[in-house]
Amino acid sequence: MKAFLRGLYCSFPLQLFLLHFKKFQVLLFFWFILFSTVNGTFMKSFGADSLYLAPEYLGNVNALSASFVGVSIGIFIMSWNITTFILFSRHFRFLATTSNPFLKYCINNFVIPLAFLIFYFFNAVVFARDKELMDAWHIFLLVIGFLAGLVVIIIISLYYFFRADKTIIRRLAPVISNPQLFKAQFKKGDTRATESRLVKVEWYLNSILKLKKVRDVSHYSREFLETIFSRHHFAAVISIFVAFIFLIVVGFWLDNPLFQLPAAAGITLFFAILIAVSGAFTYFLQSWSIPALVVIFLILNVLYRYGIIDPTNKAYGLDYAKKEDRPEYSQESLMALCAPSHVEADKANMIAILEKWKAKQNSPKPVMFIINTSGGGNRSATFTMNVLQRLDSLSGGDLMKKTFLITGASGGMLGAAYFRELEKEKRNGKTINLQNRQYVDDISSDLLNSLFTSFVARDLAAPAQRFSVGTFEYVKDRGYAFEEKLNSNTRGLLNKQLKEQYNDEVQAKMPLMLFNSVITRDGRKMIICTQPVSFLMRPCYDTLRDADVDIDGVDYQALFSKQDPLNLRMLTALRMNATFPYVLPNVWLPSTPVIDVMDAGLRDNFGQETATRFVQVFDDWIKANTSAVVLLQIRDRKTGGWDHPYESGAITDIATKPMLLLQYNWFKMQEYGQNEMMSLTQELLGGHFHRLTFQYIPKKEDAAAALNFRLSKREKQDISEAMMSSVNAGSFDQFTQYANGSHPHSITKKDE
């Protein structure tokens, strides 16, 4: 037994496994991310596990989509083997005396990859059965597809190294067969080979099922063994370079849906590149790797600082060329934009639109609806579309006619914008059934595949490719890929510029839409609209009592008046509204100093702040010309802040809780503050102001749809079924009464 345990401990697979934890532990970080993602612990609330366990390609989860993930996992495993082979081979000099050293290394380095594959298959089968609602046959096809992709890429890789090994042997054969030449090139002396003191190996797997004892290599010179290893290292680096060239080619063809890989494949390829680059740096630069990285970073920083390189994402449609006309972003310039004269002119313009809206209603004092929709990726977009379809049906097809304003954040605005465009097409004579479930399928379609593939193939690998919006050119990146995929999912209806919406909005033929985003420089809100909205740039206040209320919002159209603001693509406005950190690039705007914006949810995830301020500004007109204004709030989470409480479950939470507390409770704290604004608005308008809330409440708390840009079949089904909850049923009943002209809550205690 003792001999068995010693043999096991001194075996190459176990020693190699332990060496990964002794040296270069940073490479294990990528395995940790993969394991925790598949397990559903890493970014669980964002649905990262579904990207791996149910990969989607060309809109389908099938054997083909699984094969792409199999290929990417195979590339990752081979990249990891190549990199660690380069880093660790000096500890196992006996490999140089074997045939096909790299193959022997891969066979013995099986512990972590095999453990991952077993873990992956178990979780993938359970996920496909429970979340994608697949039967046994389709699950079997997914497994076969994944294995096919994995095996193919491993066979290709090993075939390459077989050929490389033969080439190395052929080139060294004349030297080995000639003793004098061998001694001349590889003198023994004090450079004889010795095994590493870090590890002790006695046995290794010569093939999958065959053990072999390690040969003594002390009679070989170190120079000879290192020559063999260096030639294998060079072959490994060449394979990495070929894979990188392949990604560049993919980047050039990425506009074709065939090249838009499953998101999991894109993420895994990114990890493979990071591992490969680290191996290449170590191979070529040895101990100079870190200093070289520092120098590269400093050079890139200088090039960026002086505008020689520009990796920033742009607002497609805006003019970035005329640097001399860029507006100043300062307190003084913003105060000038919302000077009293500008505010009064903009209010007069908006009142004229309100009058046109009123003239189209069927009552002298109609009910005005304002739609708020929350952020939440495809989850919120899908729930919003479901709710709007139901509301439109209950209103007899007049929802958009009775609605004056739509605002919100992120995914919810994607759904609302798509519904608004569908209603416009119907009003213009197209044969469209607004209650068709196909439109729910459209807006719930995957947005991640093209985004992550673009990140790997374009942002990291391929040279810059350009496209045009009008006379202006921009670089294609993952922001562009997101917009193009959204455009495809929504049948091209959102591929418009703001100026194309101007006439319909100014004539009140369609609801006004406010696209918000957050300026990272100071947290102010960027408000994008076809109409001037300087009256929304700061809170309503009593000028006699407080004249120093600062600006907390920026009228996009006023600030960028010289940059063709209405030339902006609607798709870009939606992306700026939904720029989730890291997933999508921040959008940089042509101001002095340059500012960038990101997701509206950081400031107002429910759209309620903007809506209540609008109502406060026009409270006199609303009270005089409407019988009520009803805020239709569509939320992808429960009200009251009761969902996902931050609970301590480990001793480490004592240290991490202060840092993560704000992140976990960010949206809840927004809600608490906005409830206070709601109360003040109701006090201001009395019985004129009401709110109806529609909430996505999952059947099971642990099975809620994830907050990302991809949904499983089970998640889509759960969102649809949430429409029938008792909370939403009550709100739909009240909406029906408002839509028919009766006011179930028009008499308040104050009125009594």
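The legends below describe close-up views of a predicted model.

**View 1. Packing of helix α3 against helix α7.** Helix α3 (residues 28-39) and helix α7 (residues 111-130) pack with their axes 10 Å apart and at an angle of about 15 degrees. Because angles under 35 degrees count as roughly parallel, α3 and α7 are roughly parallel to each other, and their crossing is left-handed. On the α3 side the contact is made by L28, W31, L34, F35, V38 and N39, while α7 contributes I112, P113, A115, F116, F119, Y120 and N123. By residue class, this contact of α3 with α7 divides into 11 nonpolar, two polar and no charged residues.

**View 2. An aromatic pair within helix α3.** The structure holds 34 aromatic pairs, one of which is formed by W31 and F35, with 6.5 Å from centre to centre and 50 degrees between the planes, a tilted arrangement. Both W31 and F35 lie in α3, where they are four residues apart, about one turn of the helix. W31 and F35 also belong to the α3 side of the contact with α7.

**View 3. Packing of helix α19 against helix α20.** The axes of helix α19 (residues 448-459) and helix α20 (residues 478-489) come within 8 Å of each other and cross at roughly 150 degrees. That crossing angle makes α19 roughly antiparallel to α20, and the crossing of these two helices is right-handed. From α19 the contact involves S450, L451, S454, F455, R458 and D459, and from α20 it involves R478, Y480, A481, F482 and K485. The residues of this contact of α19 with α20 divide into five nonpolar, two polar and four charged.

View 4. The peptide bond from T592 to P593 is cis, with omega near -5 degrees; P593 lies in the loop between β11 (587-589) and β12 (595-598).

**View 5. Two spans annotated as transmembrane region.** The unreviewed UniProt entry lists several spans under "transmembrane region", including residues 109-127 and 288-306. In the model, residues 109-127 are 89% helix and 0% strand, and the end C-alpha atoms of this span are 29 Å apart. Residues 288-306 are 89% helix and 0% strand, with their end C-alpha atoms 27 Å apart.

Notes:
Residues are numbered from 1 along each chain as its sequence is written. This is a predicted model: local features need pLDDT of at least 70, side-chain atom pairs count only at pLDDT 80 or more; totals for chains, interfaces and linings use all residues. Side-chain values use heavy atoms; hydrogens and water are left out. Axes are lines fitted to C-alpha atoms, for helices over the stretch in contact, and angles run from 0 to 180 degrees between N-to-C directions. Angles under 35 degrees count as roughly parallel, over 145 as roughly antiparallel, 65 to 115 as roughly perpendicular and the rest as oblique. A crossing is left-handed if the near helix is turned anticlockwise from the far one by less than a right angle, and right-handed if clockwise. Contact means heavy atoms within 4.5 Å. Ala, Val, Leu, Ile, Met, Phe, Trp, Tyr, Cys and Pro count as nonpolar, Asp, Glu, Lys and Arg as charged, and the others, Gly among them, as polar. UniProt positions are given in the numbering used here, feature names are shortened, and annotations may be inferred rather than shown by experiment. Rings of Phe, Tyr and Trp (its six-membered ring) pair if their centres lie within 6.5 Å; planes under 30 degrees apart count as stacked, over 60 as edge-to-face and the rest as tilted.
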